[in-house]
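Hello,

Here is the structure I promised to pass on to you. Please open it next to this email and follow along as you read.

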Amino acid sequence: ARGCSPAPVWVPPPPRPQPSSQPGCLPFRTPLGLQEWPGSDLSSGKYSQRASTGYQLRGRVGSLLGGQVASPEGRLLPGKNSGPDRQRLPGPRDQLRVEVPPHPQVGPQIPRAALAWLLRDAEGLQELALAPCHEWLSDEDLVPVLARNPQLRSVALAGCGQLSRRALGALAEGCPRLQRLSLAHCDWVDGLALRGLADRCPALEELDLTACRQLKDEAIVYLAQRRGAGLRSLSLAVNANVGDTAVQELARNCPELEHLDLTGCLRVGSDGVRTLAEYCPALRSLRVRHCHHVAEPSLSRLRKRGVDIDVEPPLHQALVLLQDMAGFAPFVNLQV
């Protein structure tokens, strides 16, 4: 009939993009960011731990690198470097930090491509914590990031066993302002690698060398002589090759040393501890558990100064033992 509008034509909606089929891959920059994750129910507002943690990770880093981040409901959240309010890219003086969250479902499962995408344009970073990526992080993944961020002050690589001396060399050469470094449980760290670090990092203050089993007294002596003046915290725990020679050299060259961890250093004895008491007035805590050659008389001087020591004095241990034997008696008259 005349005057009648034509019947509306139904147009099918565009197909919904499907999430990545790669296991453990977080769907970055997609409006359907967290859909279809196992354990998620979008209709009731419930999301699995993997989905929620993935959203938090993208929300944390998305604002740093720019672009858009998807909320759990599918809405696009503009990043600080996108849209009409676009801001400048981070500069060298910006205090920026990238830290992979330590959730077991997310950290080790982040693929190399995702990490490279997250850090591809990042410049001016001052803190970088990649320990949860220890299962696959290699030199090829880390060295380019270090080259673009010479302002780094804190780096955590604990347990990253796939790295090599090349990565530590790039860190020492490219990040002269480095102050804090964790290399705990990195078996590839040897004396030569530590020498390069000591030569090129004049601002180093905190160093964790726990369970770096290739290190010997000679490497620690060199570190003390080169960088001892600025060291405030050092961990040499579970290094069976470190003995009194290294501890005495640390004491003589580290007047600002506040925290020293020697747990499980079986070759450390009373001579090294006495030297610490003589030359380290700033010492606040000392860990010597399982150092069987350290006797109580060498620790007594440090105890009088108020140094926190993780080994109880023998008298206290005997009192606890007697209390246990007496059926947990509240008071025990002990005469010595």
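**What I found**

The secondary structure of this protein comes to ten helices and eleven strands. Please keep in mind that the model is predicted.

**The whole chain**

Of the 336 residues in the protein, 44% count as buried. The accessible surface comes to about 18100 Å², and carbon and sulfur atoms account for 52% of that surface. How many of the contacts between residues at least 6 apart in sequence join residues at least 24 apart? The share is 69%.

Let's go to strand β4, residues 125-129. Four of its five residues are buried, so β4 is largely enclosed by the rest of the structure. Three bridges join β4 to strand β5 (residues 154-156), and the two strands run parallel.

Next, find Cys133 in the loop between β4 and α3. Is Cys133 buried or exposed? Cys133 is buried, with a relative accessible area of 0%. Now look for Cys160 as well: Cys133 and Cys160 are 27 residues apart in sequence, and their C-alpha atoms are 7.3 Å apart in space.

**Helix α3**

The loop with Cys133 leads on to α3, which covers residues 139-148. Which residues of α3 are buried? They are Asp139, Asp141, Leu142, Val143, Val145 and Leu146. These buried residues pack against three elements: helix α2 (112-119), strand β4 and helix α4 (165-174). That brings β4 into the picture again, this time as a packing partner of α3.

**Helices α6 and α7**

Helix α6 spans residues 217-227, and helix α7 spans residues 244-253. Eight of the eleven residues of α6 are buried, so this helix is largely enclosed by the rest of the structure. The buried ones are Asp217, Ala219, Ile220, Val221, Tyr222, Leu223, Ala224 and Arg227. What do they pack against? Their partners are α5, β7 (206-208), β8 and α7.

The pairing of α6 with α7 deserves a look of its own. The axes of these two helices come within 8 Å and cross at roughly 0 degrees. Angles under 35 degrees count as roughly parallel, and α6 and α7 are therefore roughly parallel to each other. On the α6 side, the contact is made by Asp217, Ile220, Val221, Ala224 and Gln225. On the α7 side, Thr245, Ala246, Glu249, Leu250 and Asn253 take part. By class, this contact has five nonpolar, three polar and two charged residues.

**Two loop residues with a positive phi**

Finally, here are two backbone details to check for yourself. His185 has a positive phi of about 60 degrees although it is not a glycine. You will find His185 in the loop between β6 (180-182) and α5 (191-200). Val238, which is also a residue other than glycine, has a positive phi near 60 degrees. Where does Val238 lie? Val238 sits in the loop between β8 (233-235) and α7. With a relative accessible area of 38%, Val238 is partly exposed.

Happy exploring, and do write back with any questions!

Best wishes

How values were computed: Residues numbered from 1 in each chain as written. Predicted model: local features only at pLDDT ≥ 70, side-chain atom pairs only at ≥ 80, totals over all residues. Heavy atoms only, no water. Axes fitted to C-alpha atoms, helices over the stretch in contact; angles between N-to-C directions. Parallel < 35°, antiparallel > 145°, perpendicular 65-115°, else oblique. Contact = heavy atoms within 4.5 Å. Nonpolar A, V, L, I, M, F, W, Y, C, P; charged D, E, K, R; others polar. Buried < 20%, exposed > 50% of the residue type's maximum accessible area, 1.4 Å probe, protein only. Areas by Shrake-Rupley, 256 points an atom, 1.4 Å probe, with all protein chains shown as cover. Pairing = 2+ DSSP bridges.
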